[in-house]
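Let's take a walk along a chain-to-chain contact and the charged pairs around it. Have the model open while you read.

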Amino acid sequence: MKEELGGGYRGGETTSFQSPAQDHIEHVIDLAQVLDLGKPGMYPVRVVGQALRERGILDGDILIANAAADPVAGKVVVAFVHGSVLLATLERRASGWCLLPAGKAAALPVSEDAEVWAIVAGLVRVQV
Amino acid sequence: MSIFALCDANNFYCSCERAFNPKLKNVPVVVLSNNDGCCIARSQEAKDLGIKMGDPWFKIASWAEAKGVRRFSSNYVLYGDMSRRLHNVLQRFSPRVEPYSIDEMFIDLDGIDGDLVEYCRDARTTIRRETKIPTCVGIGETKTKAKLANFLAKKRPEFDGVCDLRSPDDCARFYPTIPLDEVWGIGGASARKLAALGLLTVADLAAVNLQEARNLLTVTGARVVMELQGTSCLPLTLLAPQRKGLAVTRTFGEAVTDWDGMAQAISTYATRAAEKLRRHGLLATAMTVFIQTNRFKPDDYYGNATTFGIEPSQDTFSLIADALRGTRSIWRQGLRYWKAGVMLIDLIDATTAPAQFFPTRDPVESAKVMQAMDSLNQRFGRGCIRPAVAGVDRKWVAKADYLSKRYTTRLDEIMDVSA
């Protein structure tokens, strides 16, 4: 029995005139692949708040956090600070790495109670 | 010579909860079994408070809450995905990684040059960084030795999380300190039998000659002794074994007293079992169903089971019909049921199964409907589409009142970060 095409037509499997495209069919763009979501250190997280608006990060945005990435000064990171989960900017000082929490004026040194959880690698805004 | 490492997550379920919740740091955490019954995972702080594996939460709740213990329902969606992440990281360190259980992975280190302890330390740091899960690693020439090394790495801080038990000197030093029931494959009964003969530690067992070991513990025991002596008998398994049977059984969240409730529960379990069958490409040719009241009230306990052959199938609707027919035959009105289950047995490979002369359901139609159901459930979450007989207002569904979010697999449940 021949397989019914139904919703399975992908641009190449025509019934009468052979499709000149049949050897050239490609898949839809896979954003999970573009964003590397299959990697074990990748975590999507949701932004709550507007403090990083100037960096183009808005309330409700999905950020792709990469726990495998190395720290780089100036990057936005997801941080665990005294029991809260927040966005911060990573800074390099003479004394070592520091976190400048979003919307705050004072940076605090990276420590047991102020850790980098992952580096923000990408941003997804489902509705513009 | 083969070299194995065993990478074992510390208090895995608790560590998964901690990975996404900074408020749990340094706080005692427990994860409860299905139906929020007993403690099945405890953080170190919870162990230090004296909470034991299997302690019923209701018995310890009053003092544990006063001590600040945080309890969670088991979130297997999250734990399963975190286990995948752990496995993925390890595959960077060796192409051959056996997921032995949700939180233990055997790694084949054969052919890897250099300092293996450093190598495993690196693996451990990488796992911690990318999955947030703390682990310990044991190294040995056999799986049994790797497992013992892992035990030492967990118990003795001087190893700093990685223990290599390959050198005879280290075996001589540590074997006498490990009790026999820590050995993989030696259960409590065997340990007691050996203790009666004066064999108390791993050193005692490793010194037994093979003939004697076979007499004492059959061929399995002899294999354990060989493995302890450094001869590998258990190779890495990279494929999960084909299932011979498949069970879905649950304790209810509240007692079921009427047939409708029981029919909903049984239909739900049959639905779930059918999904598993299809995922593994199998057909069931026989089935067991059981129902029981509270077994802790032996006076008016009723439990019964029935096993029967069925038309070979992986169709949810025909398996529900079979399961309900079976349940009907053991159902007694007027009782308070607490548990039920559906077990599919005598499973056969769907592709090589003989065709049926007079199938009750059109196999082509059935396959189409099942495929549609599976893909909808896969896309929109399990149970999104289910047979009406499985119920809408389902009071018997097991309690999971303290469930954390499915942070890594559901877009509407990902971790919030404040800005």
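## Ground rules

This is a predicted model, so to speak of local features pLDDT must be at least 70, side-chain atom pairs count only at pLDDT 80 or more, and totals for chains, interfaces and linings use all residues. Residues are numbered from 1 along each chain as its sequence is written, chains are lettered from A and ligands numbered from 1 in the order in which they are written, and side-chain values use heavy atoms, with hydrogens and water left out.

## How the two chains meet

On the chain B side, 27 residues are in contact with 32 residues of chain A, contact being heavy atoms within 4.5 Å. Together the two chains bury about 2500 Å², with 56% of it on carbon and sulfur atoms. Buried area here is the accessible area (1.4 Å probe) that two parts lose on being put together, summed over both. In chain B, the residues that lose the most area to chain A are B:P22, B:V417 and B:A419, together 26% of what that side buries.

The interface also has 18 residue pairs in polar contact, both residues at pLDDT 80 or more. That term covers a pair of N or O atoms within 3.5 Å; within protein, one must be able to donate a hydrogen and the other to accept it, and residues adjacent in sequence count only if both atoms are side-chain atoms. As for who supplies the chain B side, α1 (12-19), α4 (76-91), α5 (116-131) and β13 (415-418) each bring at least two residues. Of the elements, α4(B) gives the most, with five residues. Helices (H or I, at least four residues) and strands (E, at least two) are DSSP runs, numbered from the N terminus. By type, this side of chain B splits into eleven nonpolar, five polar and eleven charged residues.

## A strand pair across the chains

β13(B) pairs with strand β1 (residues 42-48) of chain A, running parallel over four bridges. Pairing takes at least two bridges found by DSSP between two strands. Within this pairing, A:V48 sits opposite B:S418.

## Salt bridges over the interface

Side chains of opposite charge can pair when their charged atoms come close. The rule used for a salt bridge is a side-chain nitrogen of Lys or Arg within 4 Å of a carboxyl oxygen of Asp or Glu.

B:R129 belongs to helix α5 of chain B, and A:D70 to the loop between β2 (62-66) and β3 (76-81) of chain A. B:R129 is partly exposed at 36% relative accessible area, whereas A:D70 is exposed at 53%. The classes are buried under 20%, exposed over 50% and partly exposed in between (1.4 Å probe, protein chains only).

B:K25 has two partners: A:E115, with the closest N and O atoms 3.3 Å apart, and A:E112, at 3.9 Å. B:K25 lies in the loop between α1 and β2 (29-32) of chain B and A:E112 in the loop between β6 (108-109) and β7 (114-124) of chain A, so the pair joins two chains. B:K25 is partly exposed at 29%, and A:E112 is exposed at 58%.

## A pair inside chain B

B:K145 and B:E141 form a salt bridge with their closest N and O atoms 2.8 Å apart. B:K145 is buried, at 3% relative accessible area, and B:E141 is buried at 10%.

Notes
Ala, Val, Leu, Ile, Met, Phe, Trp, Tyr, Cys and Pro count as nonpolar, Asp, Glu, Lys and Arg as charged, and the others, Gly among them, as polar.
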